[in-house]
Amino acid sequence: LERHAARLAAGGLAALHISLDGWDEESQKKRGNVRGSFDRILNGMRAFATHKTGILPILRVSTVITKHNYHSLHKIQQVIRELGVQEWTLVNHFFIPRRISVVADQFRQATGIGETLPLHIIDEERYLSEDQTRELKDCLNTVRANSAGMRIDFNWTTDLQAYYSSQQPSPTSRCDMAF
């Protein structure tokens, strides 16, 4: 990003979307196990900001909520705020219990319908425990309270206790896995 920052800033983009899932080197490394990626991402964002001459392109950061960062989203918010980022997308982690993945694979093999989805397959029935989900909710409340001047794209109405378990989130929801 740093090497291409000038070209990207002048290239006519509406937005530059960057993924950042940690608040420091160690936390960022847990996501992709790429040593030095945190500093490279931040240096690239700084370089992009110095080459940008107008409102566009907008610099947008995307963060996937994981077991490694659910309790520290406010720390990521502080890092990106200091870099002048005004748009932040928070995404709930995509996961599926292994028992459901097995059934979906059997259906796909028997019918030829569907495809392998890029989901994290877990052996448990929950990705985050009930206590962890409560901690996530508290952290999201802190993030929301500190959101002045920053647009945060997140579905604030999601039932996180249901989402991070294998429960059906609502009586009207359905599994799209087969499709």
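Beyond its neighbours within four places in sequence, E87 is in contact with I58, L59, R60, V61 and R151. These contacts come from a predicted model. E87 is found in strand β3, which spans residues 87–92. The residue counts as buried because its relative accessibility is 14%, and buried means under 20%.

One of the contacts of E87 is polar. The side chains of E87 and R60 are joined by a polar contact of 2.2 Å. The two residues also form a salt bridge, with their closest N and O atoms 2.2 Å apart. E87 lies in strand β3 and R60 in strand β2 (residues 58–65), so the pair ties together parts that are 27 residues apart in sequence. The two partners fall into separate classes of accessibility. E87 is buried, at a relative accessible area of 14%. R60 is partly exposed, with a relative accessible area of 21%.

R60, E87 and R151 are linked in a network of salt bridges. In the strand pairing, E87 stands opposite R151 in β6.

The strands around E87 were examined next. Strand β3 is mostly covered, with five of its six residues buried. Strands β2 and β3 pair in the parallel sense over six bridges. Within this pairing, V64 has V91 of β3 as its bridge partner. From β2 the chain crosses through helix α4 (residues 73–82) to β3. This β-α-β crossover is right-handed. Strand β3 also pairs with strand β6, which covers residues 151–153. Three bridges join β3 and β6, and the two strands run parallel.

Salt bridges were then considered across the model. The count comes to six. Side chains of opposite charge can pair when their charged atoms come close. Besides the bridge between E87 and R60, two further examples involve helix α5.

In one of these, D123 forms a salt bridge with R98. The closest N and O atoms of this pair are 2.5 Å apart. The pair links distant parts of the chain, 25 residues apart. D123 lies in the loop between β5 (120–122) and α6 (130–145), while R98 lies in helix α5 (residues 98–111). D123 is exposed, with a relative accessible area of 57%. That assignment follows because exposed means over 50%. R98 counts as partly exposed, at 39% relative accessibility.

In the other, the side chains of E125 and R99 meet in a salt bridge of 2.9 Å, N to O. This pair again links distant parts of the chain, 26 residues apart. E125 is in the loop between β5 and α6, and R99 is in helix α5. E125 counts as partly exposed, at 33% relative accessibility. R99 is partly exposed as well, with a relative accessible area of 46%.

How values were computed: Residues are numbered from 1 along each chain as its sequence is written. This is a predicted model: local features need pLDDT of at least 70, side-chain atom pairs count only at pLDDT 80 or more; totals for chains, interfaces and linings use all residues. Side-chain values use heavy atoms; hydrogens and water are left out. Helices (H or I, at least four residues) and strands (E, at least two) are DSSP runs, numbered from the N terminus. Buried means under 20% relative accessible area, exposed over 50%, partly exposed in between (1.4 Å probe, protein chains only). A polar contact is a pair of N or O atoms within 3.5 Å; within protein, one must be able to donate a hydrogen and the other to accept it, and residues adjacent in sequence count only if both atoms are side-chain atoms. Contact means heavy atoms within 4.5 Å. A salt bridge is a side-chain nitrogen of Lys or Arg within 4 Å of a carboxyl oxygen of Asp or Glu. Two strands pair if DSSP finds at least two bridges between them. A crossover is right-handed if, with the strands pointing away from the viewer, the path from the first strand over the helix to the second runs clockwise.
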